[in-house]
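Subject: Handover of a protein structure

Dear colleague,

Please find below the structure that I am handing over to you.

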Amino acid sequence: KYCYKGSSDVCEDPVSVLSYFYPEIKPDGTIVYNGKGDRIVTNIEGTLRLMSEGEGVFQYADFFVEDDFDDDLESSITRIVINFGMPFDHKSIEDDEDFADMK
């Protein structure tokens with residue numbers, strides 16, 4: 001009900017490190033790291049190494065893991081970004097019954 005649509009009319013997907021492990025493979029063979037694939041990558045260590053190198057589509061991967069990730073390809077934390085927006089019905093959030101308890 002409260003998603004962020006950005007410049008499109010579609011809710012934006014969460015941004016997560018899992019996007020690198022479930023890439024979508026388009027019919028033409030193009031790999032898109034969007035987390036919408038139906039299978040996990042077969043080379044997990046290789047994907048972790050690409051994340052640590054931070055090149056190409058992996059240039060922002062360090063945002064999701066600890067600073068010392070490059071040393072051992074391990075992280076005890078991870079981040080996810082979920083963007084929220086105003087109610088779809090364009091009501092004021094103060095008038096929305098879902099938030100009545102928060103006043």
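A residue is called buried under 20% relative accessible area, exposed over 50%, and partly exposed in between, with a 1.4 Å probe and protein chains only. By this rule, buried residues make up 20% of the 103 residues in the chain. The model is predicted, so to speak of local features requires pLDDT of at least 70, and side-chain atom pairs count only at pLDDT 80 or more, whereas totals for chains, interfaces and linings use all residues. Residues are numbered from 1 along each chain as its sequence is written, and side-chain values use heavy atoms, with hydrogens and water left out.

Overall arrangement

Along the sequence, their order is β-β-β-α-α-β. A contact means heavy atoms within 4.5 Å. Among the contacts with a separation of 6 or more, 44% are between residues 24 or more positions apart.

The nonpolar core

In soluble globular proteins, nonpolar side chains tend to be buried together. A nonpolar core is a set of buried Ala, Val, Leu, Ile, Met, Phe, Trp, Tyr and Cys residues joined through side-chain atoms within 4.5 Å. The largest one here holds 12 residues, including Tyr 20, Phe 58, Ala 61, Phe 64 and Leu 73. Leaving aside residues up to four places away in sequence, Ala 61 touches Tyr 20 and Met 51.

Leu 73 is located in the loop between α2 and β4 (80-81). Its relative accessible area is 13%, so Leu 73 is buried. Most residues other than glycine have a negative phi. Leu 73, however, has a positive phi, near 60°.

Aromatic pairs

Two rings of Phe, Tyr or Trp (its six-membered ring) pair if their centres lie within 6.5 Å; planes under 30 degrees apart count as stacked, over 60 as edge-to-face, and the rest as tilted. How many aromatic pairs does a search of the whole structure find? The search finds five. In one of them, Tyr 20 and Phe 58 have ring centres 4.9 Å apart and planes at 25°, so this pair is stacked. Tyr 20 is buried because its relative accessibility is 6%, and Phe 58 is buried because its value is 5%.

Is the pair of Tyr 20 and Phe 64 stacked or edge-to-face? The ring centres are 6.3 Å apart and the planes are at 70°, so the pair is edge-to-face. Phe 64 lies in the loop between α1 and α2, so its pairing with Tyr 20 ties together parts that are 44 residues apart in sequence. Phe 64 has 4% relative accessibility and therefore counts as buried. Tyr 20, Tyr 33, Phe 58, Phe 63 and Phe 64 form one aromatic cluster.

Thr 47, in helix α1, touches Tyr 20, Phe 21, Val 41 and Phe 58, again not counting residues up to four places away in sequence. At 7% relative accessibility, Thr 47 is also buried.

The largest pocket

On a 1 Å grid over the protein atoms alone, a cavity is a set of points where a 1.4 Å probe fits but cannot get out, while a pocket is an open set with protein on both sides within 12 Å along at least five of seven lines; lining residues have an atom within 4 Å of a point. Grid points are joined across faces, edges and corners, and a volume is the space filled by probe spheres set on the points. The largest pocket has a volume of about 220 Å³. Of its 13 lining residues, the closest to the centre are Pro 23, Ile 25, Arg 39, Ile 40 and Val 41. Both β2 (24-25) and α1 (44-53) supply at least two residues of this lining.

Ile 40 is found in the loop between β3 (31-32) and α1. Its relative accessible area of 40% makes Ile 40 partly exposed. Ile 40 and Tyr 22 are 18 residues apart in sequence, yet their C-alpha atoms are 4.9 Å apart.

Yours sincerely

Terms used:
Helices (H or I, at least four residues) and strands (E, at least two) are DSSP runs, numbered from the N terminus.
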